[in-house]
Amino acid sequence: MYYNVLKIEDLVENKENLFDRNVLLERGESSLSAIALKKHEVLDNHISVCDACAYVFEGEAEFHFAAEKFTVKKGELIMFEKEKEHRVLALKDTKFLLIKI
């Protein structure tokens, strides 16, 4: 993976009714992953063991944290702290990079 030029939109696919994840780098708990969700697909409640950020490079998704909801569109980035329960809802076919640090 190192010293390669990657085309970001080709890292994952929006498969019918199937969450797609491609782990690009991983060191301990830290990682860089590309994730694809179909419109209306949900990543149910979960907790990250690391601080993280998600950069949406295609589509639009809602990130839900307790009572707060954030809509993140193509070209936008959301950052969040570890150990905060959250879920993700794709409002459109969506692809994003998830960076855990």
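**The whole chain**

Start with everything shown as a cartoon. Keep in mind that this is a predicted model. Look for secondary structure: there are 9 strands and 0 helices. Trace the chain along its sequence and the pattern reads β-β-β-β-β-β-β-β-β.

Now switch to C-alpha atoms. They fill a box of roughly 40 × 30 × 25 Å along the principal axes. The radius of gyration is 13 Å, which agrees with the value near 13 Å for a compact globule of 101 residues. Of the contacts with a separation of 6 or more, 61% join residues 24 or more positions apart.

Buried residues make up 39% of the 101 residues.

**The largest nonpolar core**

Hide the surface and select Leu37, Phe63, Ile78, Phe96 and Leu98. Among the 16 residues of the largest nonpolar core, these touch the most other members. Which strands each supply at least two residues of this core? Colour β2 (30–37), β4 (52–58), β5 (60–65), β7 (77–80), β8 (86–90) and β9 (94–100) to see them. In soluble globular proteins, nonpolar side chains tend to be buried together.

Zoom in on Leu98. Leaving aside residues up to four places away in sequence, Leu98 touches Ser31, Leu32, Ser33, Ile35, Ala52, Cys53, Ala54 and Phe80.

Another core lies apart from the largest one.

**Val88**

Select Val88, in strand β8. Is Val88 buried or exposed? Its relative accessibility is 2%, so Val88 counts as buried, the cut-off being under 20%. Show what surrounds it. Not counting residues up to four places away in sequence, Val88 touches Leu37, Glu41, Val42, Leu43, Ala61, Glu62 and Phe63.

Val88 and Asp44 are 44 residues apart along the chain, yet their C-alpha atoms are separated by 6.8 Å.

**Glu68**

Move to strand β6 (residues 68–73) and pick Glu68. This residue is partly exposed, with a relative accessible area of 48%.

**A nonpolar patch outside**

Bring the surface back. Select Tyr2, Tyr3 and Leu25. Together they form a nonpolar patch on the surface, with about 420 Å² of accessible area. Leu25 belongs to strand β1 (residues 20–27). With a relative accessible area of 32%, Leu25 is partly exposed.

Most residues other than glycine have a negative phi. The last two stops go the other way.

First, select His40, in the loop between β2 and β3 (42–46). His40 is not a glycine, but its phi is positive, about 75°. At 60% relative accessibility, His40 counts as exposed.

Next, go to the loop between β7 and β8 and select Glu83. What is the phi of Glu83? It is about 65°, again positive in a residue that is not a glycine. Glu83 also counts as exposed, at 58% relative accessibility.

Methods
Residues are numbered from 1 along each chain as its sequence is written. This is a predicted model: local features need pLDDT of at least 70, side-chain atom pairs count only at pLDDT 80 or more; totals for chains, interfaces and linings use all residues. Side-chain values use heavy atoms; hydrogens and water are left out. Patches are made of residues with over 30% relative accessible area and no salt bridge: like charges are joined within 9 Å, nonpolar side chains (Val, Leu, Ile, Met, Phe, Trp, Tyr) within 5 Å. Accessible areas come from the Shrake-Rupley method with a 1.4 Å probe; for residues, only the protein chains shown count as cover. A salt bridge is a side-chain nitrogen of Lys or Arg within 4 Å of a carboxyl oxygen of Asp or Glu. Helices (H or I, at least four residues) and strands (E, at least two) are DSSP runs, numbered from the N terminus. Buried means under 20% relative accessible area, exposed over 50%, partly exposed in between (1.4 Å probe, protein chains only). A nonpolar core is a set of buried Ala, Val, Leu, Ile, Met, Phe, Trp, Tyr and Cys residues joined through side-chain atoms within 4.5 Å. Contact means heavy atoms within 4.5 Å. The radius of gyration is taken over C-alpha atoms; the globule rule is 2.2 Å times the number of residues to the power 0.38.
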